[in-house]
Amino acid sequence: MEKIEARDVNFYYGDFHALKGITMDIPQNKVVAFIGPSGCGKSTFLRLFNRMNDLIPGARLDGKILIDGQDIYAPGTQVDELRKNVGMVFQRPNPFPKSIFENVAYGLKVNGIRDKKFIARRVEESLRGAALWNEVKDKLDASAYALSGGQQQRLCIARAMAVSPSVLLMDEPASALDPISTAKIEELICELRSQVTIVIVTHNMQQASRVSDMTAFFYMGEMVEYDDTRVIFTNPSKEATQNYITGRFG
Amino acid sequence: MAAPVFPKGYNIKKRRSQALAFGMFRILSISIVLILFAILGFIIYKGAGVLDWDFLTEAPSDGMTAGGIMPAIVGTLLLMAGSAAVAFPVGIMSGIYMNEYASKTGWTVRFIRLMTNNLSGVPSIVFGLFGMALFVKYLGFGDSILAGSLTLGLLSLPLVIRTTEEALKDIPDGIREGSLALGATRLQTIWKVVLPMGMPRIITGLILSLGRVSGETAPILFTCAAYFFPQLPTSVFDQCMALPYHLYVISTSGTDIEAQQPIAYGTALVLIIIVLIINILAGMLRKWFERRLKIK
């Protein structure tokens, strides 16, 4: 079953044509990796799925993006509803300057949940889900800024999962982390795939091959190739893909 | 043998300039501090003699050659509170609008910014004239605390807007995106994340504006300040005395310079102490916000 469908998506920053006619289907409960050199449009594409690019002045979208069959750019779409359903983890860990507990509770509170017991339970579940509970259970009131970078990123994952999204977008979630933290994030991705559809942008091709079911290769605003990760990394059909994954890219 | 790349003594000159430059910076910094201490010491020396409980709690008497300055202290505190009530909400909301809502490159923001910058350069006596024309005459508030507060509020508005805007500008966009990505609205994001983060710096701006307001004479000259009003004001439509104006009055149009000079220095000292206390309170408030934010 298709979770996300992109139909002939063109995206412009002012005059710059950033995404060129992309059509792709992302199946439910799969992990899909976007790879490609810097500036190829993969992050821009990712940020269309929760309408994060709405904030950029002069940006324009042609084409359609459907999530669960709904056009998310249709007039009357509730953007906050959409973003609650489509969570996001950013490149740099961006915890709020609040306590660990409050960071995870934030998404519940801004979406109108007041029941303290429910919030406490949900915070624990989310922190357990992000494999962070054992490290922070005795200091939930401590500042999120006191955590290490890797812990902060797992906190951000817990925070995103607390509002039970059905899609999780990850924009190079491990690029600012050390190898051990990176391994933990990757493990987490493998565990979360049963609950959510994950789309991950990464510069790290080993990472893409380790965590994803399918991989899309982007180049100069076009989607060059999209296939099972195994196929992309062993037997790509396009020469550009072959060159990129073997590091022979000019 | 090849000639050495660096001739002998090549680094003497740059070290000498280094020592000279830092020496100058140090001397200038120290002399600024010394001048400040000299002013402060002079006022304490001249004013501390009259400073006692009666001076703080009594009204002036005997043609302002004796008694205390209580009405002026109360008046200045009222004007500070009044101008804060005007400038803080309006200024903070404008600052939020300019940084968070309005398009950064749009003409609205550029126009507002140009205007606030110009406004902050307008001499305070001009604000006084404007306040008199608008609040005292046109709106019919008369010479009153209300008119004075509004005028002082307008005067401090540019500073409040500016510092709010600058404080919010420094908050990384990633934090805003993190909040929006969880389904928060922009208002929730501003209220729950952006504003608390900016608060320590916004408070600094507010305090600076309060300090400025407390010492302004010109804006209240035609809008509020009373030459002599020994009883306490009972409504916002009353006039009031104020420390800077009182200082001005007894220093320039006194009847008995000998008797009044100590009072003038005492008044100046009280004004300085009020500003100092407010600065300390502001520092504590800022610390409290930072702790609550758990930044550290």
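Predicted model: local features only at pLDDT ≥ 70, side-chain atom pairs only at ≥ 80, totals over all residues.

1. In chain A, Glu5(A) has Leu66(A) of strand 4 as its bridge partner.

2. The open sheet of chain A is built of four strands in the order 2-1-4-5, with antiparallel pairing. Strand 2 (16-27) and strand 5 (70-71) of chain A stand at its edges, and each has a single partner strand, so that one side of each is left without a neighbour in the sheet.

3. Strand 3 (residues 31-35) of chain A is mostly covered, with five of its five residues buried. Val31(A), Ala33(A) and Ile35(A) point one way from this strand, whereas Val32(A) and Phe34(A) point the other way, and all are buried.

4. Strand 3 of chain A pairs in the parallel sense with strand 8 (residues 197-201) of chain A over four bridges, and Phe34(A) finds its bridge partner there in Val201(A). Strand 3 of chain A also pairs in the parallel sense with strand 9 (residues 214-219) of chain A, again over four bridges, and in strand 9 the bridge partner of Ala33(A) is Thr215(A).

5. How do helix 6 and helix 7 of chain A lie relative to each other? The axes of helix 6 (residues 149-162) and helix 7 (residues 179-192) of chain A come within 9 Å and cross at roughly 20°; the two helices are therefore roughly parallel to each other, angles under 35 degrees being counted as such. Helix 6 of chain A passes helix 7 of chain A in a right-handed crossing. On the side of helix 6 the contact is made by Gly149(A), Gly150(A), Gln153(A), Arg154(A) and Ile157(A), and on the side of helix 7 by Ser181(A), Lys184(A), Ile185(A) and Leu188(A). The residues of this contact divide into three nonpolar, four polar and two charged.

6. The contact between the chains takes 25 residues from chain A and 19 residues from chain B. On the side of chain B that touches chain A, the elements that give two or more residues are helix 7 (173-180) and helix 8 (186-215) of chain B, and helix 7 of chain B gives the most, with five residues. The residues of that side divide into nine nonpolar, seven polar and three charged.

Definitions and conventions: Residues numbered from 1 in each chain as written. Chains lettered and ligands numbered in written order. Axes fitted to C-alpha atoms, helices over the stretch in contact; angles between N-to-C directions. Parallel < 35°, antiparallel > 145°, perpendicular 65-115°, else oblique. Left-handed = near helix turned anticlockwise from the far one by under 90°. Contact = placed C-beta atoms within 7 Å. Nonpolar A, V, L, I, M, F, W, Y, C, P; charged D, E, K, R; others polar. Buried ≥ 20, exposed ≤ 12 C-beta atoms within 10 Å, placed from the backbone. Pairing = 2+ DSSP bridges.
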